[in-house]
Amino acid sequence: MAEIRDEEQLIARGFRRVYAELERYDGPRAGLADVDGSPHYFQGHDYDHAEEYLVWPASEETAALEREQWAIFAEWNQRYEAGEAGAESHPGHGGIDARYDELTGLLAPHRRPPAGARRLIGELGYDGGARYRIDGLDHWFRWHPAG
C-alpha cells in the first residue's frame, strides 16, 4: 500500500485530488479526478494493467454534477457506517433518491470514454482521512504518460 501523507505533501509531490469514485475493483477503476489542473474522468481499461487508465476532460458543469451526486452517496455512506441506514437504502439502487437518479441519467453520456481519450498511468497516494468524504476520497492520483 502507498505511504500515507498529508494533503500538502501529496500536492507537493504532484498528486491530485479524486472527487468521485464511480467504480471500484481491487482499487479505483473509474471516477473523476484532477488531471493537468482540471477535472477529468478516468476509467481503467485493462484489469491486467490496473494502473492504466483512459482519461478525458469533464466540463466544469459536468464535474459539479458529479460532485453533487458523490455528495449524496457520501452522506448515505456516513449514515450506513454509523448503522443508521441499511444497504437497501443505497441511492445507486434507483428509486431511493430522485435527484441521484436524475443525475445518473444526466451524467451517463459523459462517463463513456471518447475516441480521443488519453492513456495514463495513475499512481496512488493516500491522505489518511476517511475513505469516502463529501469533498472526495482518501486516495489521490499522480499521473504519468503510458508506454
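This report walks through the aromatic pairs and some strand pairing in a predicted model.

## Aromatic pairs

Let's start with the rings: the structure has twelve aromatic pairs. One of them brings W70 and Y132 together edge-to-face, with 5.6 Å from centre to centre and 75° between the planes. This pair ties together distant parts of the chain, as the two residues sit 62 residues apart. W70 belongs to helix α2, which covers residues 60-81, while Y132 belongs to strand β6, made up of residues 132-133.

W70 has 6% relative accessibility, so W70 counts as buried. Y132 comes in at 17%, so Y132 counts as buried too.

## Strand β1 and its partners

Now for the strands. Strand β1 runs over residues 16-24 and pairs with strand β8, residues 139-145. That pairing is antiparallel and has two bridges. Across from R16 you'll find F141 in β8.

β1 also pairs with strand β2, residues 28-35, again in the antiparallel sense, here over five bridges. In this pairing V18 faces A33 of β2 as its opposite residue.

Definitions and conventions. Residues are numbered from 1 along each chain as its sequence is written. This is a predicted model: local features need pLDDT of at least 70, side-chain atom pairs count only at pLDDT 80 or more; totals for chains, interfaces and linings use all residues. Side-chain values use heavy atoms; hydrogens and water are left out. Rings of Phe, Tyr and Trp (its six-membered ring) pair if their centres lie within 6.5 Å; planes under 30 degrees apart count as stacked, over 60 as edge-to-face and the rest as tilted. Helices (H or I, at least four residues) and strands (E, at least two) are DSSP runs, numbered from the N terminus. Buried means under 20% relative accessible area, exposed over 50%, partly exposed in between (1.4 Å probe, protein chains only). Two strands pair if DSSP finds at least two bridges between them.
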